[in-house]
2 protein chains.
Amino acid sequence: MSVISHPADTPPPEPNPGVDTRFLESLIGYNARRAALAIIGHVLPRLEPWGLRVVDFTVLTLIAHNPGITSRQVCAALDILPPNLVGLVRGLEQRGWIERRDHPTDRRAQALYVTPRGAAVQAQAQALVSAVESSDVTHLDDVERTMLIRLLRKVYLGRNA
Amino acid sequence: MSVISHPADTPPPEPNPGVDTRFLESLIGYNARRAALAIIGHVLPRLEPWGLRVVDFTVLTLIAHNPGITSRQVCAALDILPPNLVGLVRGLEQRGWIERRDHPTDRRAQALYVTPRGAAVQAQAQALVSAVESSDVTHLDDVERTMLIRLLRKVYLGRNA
DNA sequence: TATTGTTATACTCTATAACTATA
DNA sequence: TATAGTTATAGAGTATAACAATA
């Protein structure tokens, strides 16, 4: 595919009058990707003031909502490979937003916690992300939004929507 | 975010029992991305026998459906940057699936066409992709599928669904 | 023997700058 | 002056192998 991301907030690709894209537009994968990139395109520049990328926000959020979570669990939840998480965690730690403590029962692992400052940043960013999703995507009413999420979950989970 | 792609057909990430991902799961962007990656994960290995990646298939399809289309138009339709398309077009050409001819009116541009072999490959691949989408994603009935696509288009186009 | 976190590294994907030949 | 296609290259993002410490 490719329907890509770009500099940050490039205008949405088409409509490209002369070109027939009907087959691609009949594919759920194509449309889901375009929708995801459109939303990320809106969220990205609004997180930039904090120096947060979407991944950073996602990891920070997961730690905020799951005090004491391990790196391994973050990796599993977000499907990030362990080597690629190392830098993300280090970045958040260096900015004083999270801290690592000894894991209570497993001395190999480390328990991750947000600091008070990290919690504040996360809360603001979360509010902002929620707002962007339900304002920029406000072409959808609540029923449609709920329906859309249910259908998407059905696609990637298979029935347990 | 990250909910990534992986080796090719890694099992879908979670469910990760202990971890609270409720906020992320309330986001359309998160769910759309997961759905897109799940589908791509199914399509990818099935295109591999032809040596086609998803981008290759998308470009080939666009040329097949739009004889005489220019590189610039392909870029605009798929939101690929021109430098990144060069290698894709060259690859398809070297395999004898597309050819470039002089553009009838603009001597800077070149018109792209599928060859008979290219058309055959594209038709098979298209049938396969359609089949994968409506079998692996068959958790959705036709009504749901139509609804899902309409809602996704509404997200990235804004009303003209 | 398997797992956690880590380093180092490779590979792919996406983006920028700059050039040529036309328009 | 602007656009189509191209080269070269830089930078993200994603993946693999291998190791020390612990389970």
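The model is predicted.

Chain A contains seven helices and two strands. From the N terminus, its elements follow the order α-α-α-α-α-β-β-α-α. Chain A has 161 residues, and 48% of them count as buried. Among contacts in chain A between residues at least 6 apart in sequence, 55% join residues at least 24 apart.

The interface was examined next. In chain A, 66 residues are in contact with chain B, and 66 residues of chain B take part in turn. About 6400 Å² is buried between chain A and chain B. Carbon and sulfur atoms account for 67% of that area. Six salt bridges are counted between the two chains. In one salt bridge, the side chain of Lys154(B) meets that of Glu144(A), at 2.8 Å from N to O. Polar contacts across the interface of chain A and chain B number 16 residue pairs, with both residues at pLDDT 80 or more. On the chain A side, at least two residues come from each of α1 (22-25), α2 (28-47), α3 (54-65), α4 (71-78), α6 (116-136) and α7 (142-157). By residue class, the side of chain A that touches chain B holds 36 nonpolar, 17 polar and 13 charged residues.

Helix α2 of chain B covers residues 28-47, 20 residues in total. Its first and last C-alpha atoms lie 28 Å apart. This span is close to the 28 Å expected at 1.5 Å a residue. An α-helix has 3.6 residues a turn, so residues three or four places apart point the same way.

Arg46(B) also belongs to helix α2 of chain B. Its relative accessible area is 45%, so Arg46(B) is classed as partly exposed; the exposed class begins over 50%. Beyond its neighbours within four places in sequence, Arg46(B) is in contact with Leu128(B) and Val132(B). His65(B) lies 19 residues from Arg46(B) in sequence. The C-alpha atoms of Arg46(B) and His65(B) are 21 Å apart in space.

Terms used:
Residues numbered from 1 in each chain as written. Chains lettered and ligands numbered in written order. Predicted model: local features only at pLDDT ≥ 70, side-chain atom pairs only at ≥ 80, totals over all residues. Heavy atoms only, no water. Contact = heavy atoms within 4.5 Å. Buried area = accessible area lost by both parts, 1.4 Å probe. Salt bridge = Lys/Arg side-chain N within 4 Å of Asp/Glu carboxyl O. Polar contact = N/O pair within 3.5 Å; in protein donor to acceptor, adjacent residues only side chain to side chain. Helix = DSSP H or I, 4+ residues; strand = E, 2+ residues; numbered from the N terminus. Nonpolar A, V, L, I, M, F, W, Y, C, P; charged D, E, K, R; others polar. Expected span 1.5 Å × (residues − 1). Buried < 20%, exposed > 50% of the residue type's maximum accessible area, 1.4 Å probe, protein only.
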